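Colleague: Hey, could you walk me through this one? I've not looked at it before.

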Amino acid sequence: MKIKAFVLGVVLVLLGLTAWAADPVELVFWHMEARPNRVERIQEVCERFNAEHPDIEVVPYVQSWGEIYQLAPAAIQAGRGPDFMLTTPDFLTYVKALGAVQPVDKLIESLQQEYSFIQSALTPYYFDDHYWAVPIYGMDFVFWYRKDIFEQAGLDPNRPPKTWIELLEICEKLKASGVVEYPIAVPGAIHMATDQLIYTLMTVNKAEHIFGEDPNEVIFDNPHTVEAYSFYKQLFDYSPPGSAAWAWDEPRTALFTGQVAIVMEKGHYLKGWIDSTDLPLAYLGCAPIPVPEGGQPGTIYYSNGLMLLTEDLEKQAAFNEFLAWLFQPEIMSWLIHMDPGFFLPVTKEVLYSDAFWDEPTIKEKVAAVVIQIDYSEYGKLFGFTRETVNPNAGAIAASNILAWVAQQITVGGLPPEEAVKLGAQRIEEVIRE
Amino acid sequence: MGKKLKPTQNFAEIVFNDPVLGILLVLPLLFWVLATIIYPLFNTIYFSFFNIRYIGVPFQPVGLTNYKYVLQDPSFLLACGRSALWTLINVTLQIVGSLVVALILNQNFRGRDFIRNWVILPWVLPTVVVAIMWKWILDPTHGVVNYLLINLGLLAEPIQFLASPQWVMPTTIFINTWRWTPYFSIILLAALQTIQRELYEAAAIDGASTWNQFRYITLPVIAPVLSVVALNSFLWSVNIFDTIWLLTRGGPIDYTTTLPIYIYKKAFQEFRFGEASAASIVMFLGLLLIVVVYLRRLFRESEEEGL
Amino acid sequence: MKKRSGSFGKHFSVLLVIIVFVGPMVWILINSFKPTVELLSPSPTFFPRNFTLEHYWNLFRRVNFSRYYYNSFIVALSTAVITALAGALAAYSVYRCRYPGRKILFRLFLSSYVFPKVLILVPLYIMFSQLNIIDTPLALVAAHVMLTAPFSVWILRAFFESIPIAIEEAALVDGANRLQIVFRVFIPLAAPGIAAIGINGFLMSWSEYLFASVLAITDINKTLPVGMAYFLQEYSIEWGVMMAGSVLIALPPVVGFAIAGRYFIEGLTAGSVK
């Protein structure tokens, strides 16, 4: 026994020494979660991994979503890119066009042996016969409303609208009640925020496909899209003046200060509410996105993934090890708690783990989190709803075309039919070879 | 400034005739200009014949396709129109505005030198500061301009200065003019100050009207300066990017997408560097006439000094 | 003119000019000290009722402001020094030396000022990507010197003319060689002019946005205009922080101008009025 322990000890020490002596494999990791608390959490996660794996060093660098489209192509081509980085499906198409993204089929396969992925997280990363990134968390749109204002206006705070018609009725009642002058806030700037709301309305109205089965055929100009835009315009007219220049923060402030009673947005409102208001969390109601008649349950769903760029085999192996570690439910829960209630699990294992649910904010707003998770199943992303993806699909998001079409209606005064027609032309233009 | 010196021929030969020294001293700047202006300039021409989507991927030669595309692109033609409008109004307002400001500052009042130095402040401020400042002042909900207009009963609804199609162009033009007018007025002021006050006094005694004093005394002196101001104002206005971009990003819709904005969006949002290059070449050709006039002027001026 | 506009008209017009051109910045300065509640209240106050420095504090806590400041400072200072040196030497060469091609060089420098800068934005970006210096201060300095140095040769013209050639002649007679004349005799004499082009370079680089937005993209390499512009786009309602930022960004140019403005305006007007 003693000898065994001694030998084991020596071996361990030797192993430790070699690990210490050999340079660790360095993995440069870019992410775009630029808010301070998220930067900090990602740093902590990497540090913990590095401490547990002395032979690997993951070094995170924070970038910003606003500028990554310019930076990444230049940096990657100049050989100054990261070894792996955070991505969304549309950003992925950009980088993939450079020939720099490595398929991760084997890694996905080995992860699938242990974990079962939520399909809508995986789908947008599978095209051209390969998986191009490993999803790590998702986010989607829900219907946020002020229960207190609903109550003051004589509405049942526990009966949020289920259909588009109900939503318009409630807007009218809120307005008539005089409790709020403007019932809802919608963004209208040429900005991602507007794109996302529009696409959310498109999905529930069965207009989720921008391309036909043939990825070069643009089917954006169809009655369902037009209806979605008409509905957006009706909401826009209930939104405070100046909404045509609004992006993320204005609707959020309008809801939190009680200027309006309704906003459709992502789950970061939970933590935002706690951080920037003194009101009880119970005032903040959450519901699925209302669905029109003949529509379908839906939302926009962003699957955030990690894509591998390095060609170095040793680094690729280290990346696999990092992900295997990261996917453990407690670690993953810890990571996505960087903004509780916002980042949604992509595996059933995390979803059903106590680690995920055992967080104060999530505990308090279980219902809101459950709605987001339930609806992530129906989530879609523009340009990534088919088996084959147009290689330039990312340009639709980069040029904010959905928002541009919205402004044609709200600012330019065009009828939705004509604006959508113009939008289809713009899309064809940006995706052409 | 001091008087121009006319060196004696002998001395000039001793001190000046030193090609080695001359070339040695000019070399750093020459290298810089060649590397960062001339070479890229030729590259723009070269790139305009290629399809360049991603840097590092081999470029595809496409002949004149980029030019054909750009010249047929309605957005490009609209951007040309907007640039023309933007430049024309800016130049006009800047000339008139700077002349008025210069005349006001040319009066006799206490602290004139001090005020003259500080009126140029808008030009000293970084563009991003100018953008934030005016966005705040003109904000529909919190801005002081809308607040005053509504409280004075002149308006019922706040004006969306930077978000409505009718207002956005006038507003951005105003802000740009506001920024450049002081600069030009200082130059005009310097010219005005070369006019002797006695001339006005004598004219006044002769019974000349204010307008005639301006017409026959002031204008002849400042006319050449005015034309410099006009040319400068034109060249700077037409190339303005940052003011517009930071205020509106070319929006709402495309209402303030002038040529520089169009080129920037093509290159760095759509990643079509070839088409962006073609568009910039077309823009340059359009400006060529003005550029030539301007350069001839500068060259003539330097010619007088033996250069 | 003097006859008609009485003392009132005169002072009123001057006051109007001051309000229009200086007023907005003063308004921003005042507002940067108001707490958010007061800033966003439906009836604006003129002077802050509750004076606060929270926005300035937030600027450093929530935004990478000190880093942007540092970057801007390094880039602007390098641009200023290189512009002053390269510009002064080239100006000496074209104004004080005689050699074939001098005229062409001078015209080259003049012309480079007239080209639309968007024209070289794309090739410069591509060239710097290929040279692997995108997102480094080097790329920014290279671009900013390009924007300011060639024209500074033209600005220096008046300054150089004001220096009597007899001084160089005397130095030559004393046995100094020509390089010594340039560095020991001439440059000190032309120092105010060289300082003016240096300051011009600094100001230009400090506020430059177009090239900086394309060439400095990582958060840690951003300059002030790029960092603030991003803030303006993404956090468009944080007015207090933006105004505090504006005040701090405007500070160096305004202070620099207060110190050297007189020279600067003289140089400016001497160059254009001739």
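Colleague: Before we go on, what should I know about the numbering and the model?

Modeller: This is a predicted model: local features need pLDDT of at least 70, side-chain atom pairs count only at pLDDT 80 or more, and totals for chains, interfaces and linings use all residues. Residues are numbered from 1 along each chain as its sequence is written, while chains are lettered from A and ligands numbered from 1 in the order in which they are written.

Colleague: What does the model score?

Modeller: The ipTM is 0.89 and the pTM is 0.88. As for pLDDT, the predictor's confidence in each residue from 0 to 100, chain C averages 85, and 95% of its residues score at least 70. Over residues 1-5 of chain C the pLDDT is below 50. Beyond near neighbours in sequence, that stretch has five contacts in the model.

Colleague: Okay, how many helices and strands are in chain C?

Modeller: Chain C has 13 helices and zero strands. Both kinds of element are DSSP runs numbered from the N terminus: helices are H or I with at least four residues, strands are E with at least two. The C-alpha trace of chain C spans about 75 × 65 × 35 Å along its principal axes.

Colleague: And how much of chain C is buried?

Modeller: Of the 274 residues in chain C, 54% are buried. A residue is buried if 20 or more other C-beta atoms lie within 10 Å of its own, exposed if 12 or fewer, and partly exposed in between, with C-beta atoms placed from the backbone.

Colleague: How many residues of chain B are in contact with chain C?

Modeller: 89 residues of chain B are in contact with 96 residues of chain C. Helix 2 (residues 19-47) of chain B provides the largest share of the chain B side, 18 residues. By class, that side has 70 nonpolar, 16 polar and three charged residues. Here Ala, Val, Leu, Ile, Met, Phe, Trp, Tyr, Cys and Pro count as nonpolar, Asp, Glu, Lys and Arg as charged, and the others, Gly among them, as polar.

Colleague: What about chain C with chain A?

Modeller: There, 15 residues of chain C are in contact with 18 residues of chain A. Helix 12 (residues 224-234) of chain C gives the most to the chain C side, with three residues. That side divides into six nonpolar, five polar and four charged residues.

Colleague: Switching to chain A: which domains is it divided into?

Modeller: Chain A has domain 1 (22-139 + 302-370) and domain 2 (142-300 + 379-431), with bounds from an automatic or database domain assignment. Their C-alpha centres lie 28 Å apart. Each domain puts 21 residues into the contact. On the domain 1 side, helix 4 (89-96), helix 17 (360-364) and helix 18 (366-376) of chain A each supply at least two residues. Helix 4 of chain A gives the most, with five.

Colleague: Where does strand 10 of chain A sit, buried or exposed?

Modeller: Strand 10 (residues 299-308) of chain A is mostly covered, with 10 of its 10 residues buried. Thr299(A), Tyr301(A), Ser303(A), Gly305(A) and Met307(A) point one way, and Ile300(A), Tyr302(A), Asn304(A), Leu306(A) and Leu308(A) the other.

Colleague: Why the two directions?

Modeller: In a regular strand the side chains alternate between the two faces of the sheet.

Colleague: Which strands does strand 10 of chain A pair with?

Modeller: Two strands pair if DSSP finds at least two bridges between them. Strand 3 (residues 84-87) of chain A joins strand 10 of chain A antiparallel through four bridges, and Thr87(A) stands opposite Gly305(A). Strand 6 (residues 134-140) of chain A is also antiparallel to strand 10, over six bridges, with Gly138(A) partnering Ser303(A). Strand 11 (residues 379-380) of chain A pairs with strand 10 in the parallel sense over two bridges, where Ile300(A) has Lys380(A) as its bridge partner.

Colleague: And the open sheet with the order 8-7-9 in chain A, how is the pairing?

Modeller: Those three strands pair antiparallel. Strand 8 (262-265) and strand 9 (284-287) of chain A stand at the edges with a single partner strand each, so one side of each is left without a neighbour in the sheet. Strand 7 (residues 142-146) of chain A is joined to strand 9 of chain A by four bridges, and Trp144(A) has Cys286(A) as its bridge partner.

How values were computed. Contact = placed C-beta atoms within 7 Å.
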